[in-house]
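Welcome to my notebook. I went through this structure one look-up at a time, and here is what I wrote down.

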Amino acid sequence: MTHTDKTPFVLLAALVVLLALGPFLPKSLFLLTMSLGKGLVVLGLVVLLRTGLVSFGQGLYYCVGAYAVGSLSQFASVKNAVLLLLAGTLVTAILATILGFLLANYRGIFFAMLTLALSMIVYGLLVKTSTLGSTDGFNVPPASLLGKVISGQSNQYPMFALACIVAFVAAVLTNSYLWTALGQLSSAIRDNEIRVEYMGASVRNAVHTKYVLAGALAGLGGAVTALAIGHIDPEMAYWTTSGEFVFVAILGGTGSVIAPFLGSIIFEFIRTYAYQYSPNTWQLVLGAALLLLIIFLPAGLWSVFARLRRRT
Amino acid sequence: MAVILNTKGLRKSFGAVTAAAGISIAVEEDSVVGLIGTNGAGKTTFVNMVTGYLKPDAGDIIFKDRDITELHPRDITRLGICRSFQIPQLYDSLSVFENLVIALGIRDRNVHGSVFSRTFKLVPAANPLVVAAAEQSMQRFGLLEYRERAARLLPEGVRKLLDIAMALISEPEVLILDEPTSGVSADEKFAIMDMVMDAVRSHGCTVMFVEHDMDIVTRYAPRVVAFYEGRILADGKAADVLSDEQVQSYVIGGLRALQTGASDISHA
Amino acid sequence: MNEFLAVLMDGLIYSSWLFVIALGLTLIYGVMKILNMAHGSFYALGAYAAASMVGYWLNHGHAPMASYGILVLAAVLVGLIAGPLIERGLLRFMYGRDEMVLLLVTYALFLILEDVIKLIWGVDPYFIPEPYSLLGTMDIASLTYPYYSFILIGVAVLAGGAVALVLQYTRQGKLLLAVIHDREVSLAMGINVSRFYLVTFTVGTALAAIGGALTAPTVSVVPGMGVEVIVLAFAVVVIGGLGSLEGAALGALIVGLVRSAAVHYLPQVELFCIYSVMALVLIFRPKGLFAAAEVRKI
């Protein structure tokens, strides 16, 4: 545990760099925006991972957040981007609070498979709901901010900028949370729940809180992605989508709030090229990479950075 | 002296096994009580009930005029009863320092009462008060040289000390130690108990400890309670209890067999 | 009345299918404490292998009646090849690590196998309807059922009975029960736990493959057919209690009947119903209906 946390400054620097470089990378903006959206989901997963919990169902909130945005935009004609993002986050936070009452009782395999099951229920419901487009989903109308349309345009910079700022704020806030006494309970809970209870803290409440945080972040990520892509479908809740988030979380490791975003960007770029090159081996590569990570880098890529830093 | 902890008729059965068949013990404030008995006599079950881990089938537990029978371990800890464990319960992947800081973080959250405690909004380890308290605890228990080592890499005796240190750091009114010297080598056990009792004496606290080692019991416990098959065989001054016929044959006889080659009893 | 009978019959058939798959899953968990996320992939492998072998057999003009034996043979081959390969080649190095790590390993395995299937068999669907249509149909009341469905019920009963008998009455079976209860103590007593793991995993994957092989004649065999299986199998195993064989049977029965009712009366809520039942069971019995007793920790 370091006594001076430099993360907020690193995040600020990253934000400035991204915003400055953005206009010069028009072809990459879409991918970057999507990566940031998915990075938010992974950030939530990392909060849970630190507590020793692996959720295979973050896709549920990713999807619900996206559908909340899509529905409000399509059926209620809400066009303000910030309002839409807030709505997506709020809806998923409420849902996570409700589901958290059941899930906070479970750990390990049960927790993982239950979250998976819940996300598949949502998938099943959406697939059979024709008003929401069934398997095809539907398009999200362009949103606007400060009077200007920012999504669904050929100029992707405004949406990219919004995504950067949203990701920055979420990362800074999550980082602060992780440094509070409650946030630090994560490692303690992961290591020894009995001791935590005997020290006078409620493990259940802590787990419930973290689950809600993870759900809200996933919902925000889904909302951002919905606006960026302009289309949503039930596939977002399928358990293989959740599995990809888990992969990126493990890839980046739990050492820092920056890792989820970096990992997500790397992942999206590699996936794009892998798909173009050989679509029938993408999952094979993913699976093999996951195995290698588990065997050789149990603490994720970030641990390599941390080790290098400590030596200098 | 006032009675600070009072258990009345505690009963607990696990299927056909009776772990507690009416345990009544009144503990006076600032006293030191030794709990002895063979394995399975019900000592740890008793401790688990008093600290809320198990709910008794019948009976009451009164702590400072308050009925704590139905409470959770976390509530009982907050009220002022802390315990150490037979098998040390530590945060294995964290360092000694971090273990203590988390314990302090929880303690102070309970004292200040809010979810995002204002005093510890950023980095509990950076709070000088917390650091000082952790340093003091490490000093007292000889843990300073292990400050940065992960708990799972500590020698067994040190793990025990850390476990007890974490229990004491909440500054409880009642401290219950479950076999503090089990698994510790013969030459270390007195050193450990001395450290613990010094720490306890310096801030005033009632102590109950479960022990199999008669040397430890006679040296540190003026009062002894002997358990046997879920009942109390004897309860009183150490010398009286240990020389009681029934205790000799049912408890110490069995215990003596375990301690082959142990030194003679040194009378307190 | 007919509606009710239809629900019952469909439920029974579906339950049998679920049971064969869930049996393997719960067996592997009970013995090895691994929740095999790749179970659906072995199901798919069984289906593909069956499709290939039966297709080959029939194309070369051999007796169609023997295709049933070919189906089972294909599945057993999958179990005998894939099982030991994966257990010895990968899983064996992971024992002793956290159950979540093993879950992720099986997830990685699932990802790899999905593409391996595509690489070997391509992405086009396979059809082998012959074993299914060959037996014809029979009428119960005014409902028509293919005889083939009863094979499924028969296999389920056979598999469940065989496993139960082996565990209760054979020496090896009792040793296996010991391993299920406590791996450490079994090792200390000289039981060759490693060999039991190998056998269990092989049997478990073979059972999944049999499920797939028997399903192959009734559907088009396509990539991704194993993906939803794990979700359903998990629900069954959780309701029954992880590691319990009676639990798997009861869970399969419950899920099968609930799903059948849902499909008949309100198809949209099929998955929702199954998982609601699971959630309900968990609220009252957090570890499932036949859960093992918990050992005291402190």
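I counted the secondary structure of chain B and got nine helices and 10 strands. I am working with a predicted model here, so I treat each value as computed from that model.

Next I looked up burial in chain B: 49% of its 268 residues count as buried. I also checked the contacts in chain B with a separation of 6 or more, and residues 24 or more positions apart account for 68% of them.

**A proline in a loop**

I stopped at B:Pro56, which I found in the loop between α1 (43–50) and β4 (58–63) of chain B. Is B:Pro56 buried or exposed? I counted 23 other C-beta atoms within 10 Å, so B:Pro56 is buried.

I then asked which residues B:Pro56 touches, leaving out those up to four places away in sequence. My list reads B:Leu10, B:Arg11, B:Lys12, B:Ala20, B:Met49 and B:Thr69. For B:Arg11 I also noted the spacing: B:Pro56 and B:Arg11 are 45 residues apart along the chain, with 5.7 Å between their C-alpha atoms.

I looked up B:Asp65 and found a phi near 65°, a positive value in a residue other than glycine. B:Asp65 lies in the loop between β4 and β5 (66–67) of chain B. With 9 other C-beta atoms within 10 Å, B:Asp65 is exposed.

B:Glu171 went on the page too, with a positive phi of about 50° although it is not a glycine. I placed B:Glu171 in the loop between α5 (156–168) and β7 (174–178) of chain B. B:Glu171 has 14 C-beta neighbours inside 10 Å and counts as partly exposed.

**On to chain C**

Reading from the N terminus, I wrote the order as α-α-α-α-α-β-β-α-α-α-α-α-α-α.

How does the radius of gyration of chain C fit with a compact globule, and what value does chain C have? For 298 residues, a compact globule would have a radius of gyration near 19 Å, and chain C has 19 Å, which agrees. I also noted that the C-alpha trace of chain C spans about 60 × 45 × 35 Å along its principal axes.

Buried residues make up 48% of the 298 residues in chain C. Of the contacts in chain C between residues at least 6 apart in sequence, I found that 77% join residues at least 24 apart.

**A valine in α7(C)**

I picked C:Val179, which lies in helix α7 (residues 171–181) of chain C. I found 20 other C-beta atoms within 10 Å of C:Val179, which means that it is buried. Leaving out residues up to four places away in sequence, C:Val179 touches C:Val31, C:Ser186, C:Ile191, C:Val193 and C:Phe196.

I checked C:Leu143 as well: C:Val179 and C:Leu143 are 36 residues apart in sequence, and their C-alpha atoms are 46 Å apart in space.

**Helices against α11(C)**

I started with helix α10 (residues 227–240) of chain C and helix α11 (residues 245–265) of chain C, which pack at an angle of about 120° with their axes 7 Å apart. The two helices, α10(C) and α11(C), are therefore oblique to each other. I noted their crossing as right-handed.

Which residues make the contact? From α10(C) I listed C:Ala235, C:Val236, C:Val237, C:Ile239 and C:Gly240. From α11(C) came C:Gly247, C:Ala248, C:Leu250, C:Gly251, C:Ala252, C:Ile254 and C:Val255. I sorted the residues of this contact into nine nonpolar, three polar and no charged.

Then I turned to helix α1 (residues 2–32) of chain C, whose axis comes within 7 Å of that of α11(C), the two crossing at roughly 140°. I wrote down α1(C) and α11(C) as oblique to each other, and their crossing as right-handed. By class, the contact of α1(C) with α11(C) has 16 nonpolar, eight polar and three charged residues.

How values were computed
Residues numbered from 1 in each chain as written. Chains lettered and ligands numbered in written order. Predicted model: local features only at pLDDT ≥ 70, side-chain atom pairs only at ≥ 80, totals over all residues. Axes fitted to C-alpha atoms, helices over the stretch in contact; angles between N-to-C directions. Helix = DSSP H or I, 4+ residues; strand = E, 2+ residues; numbered from the N terminus. Parallel < 35°, antiparallel > 145°, perpendicular 65-115°, else oblique. Left-handed = near helix turned anticlockwise from the far one by under 90°. Contact = placed C-beta atoms within 7 Å. Nonpolar A, V, L, I, M, F, W, Y, C, P; charged D, E, K, R; others polar. Rg over C-alpha atoms; globule rule 2.2 N^0.38 Å. Buried ≥ 20, exposed ≤ 12 C-beta atoms within 10 Å, placed from the backbone.
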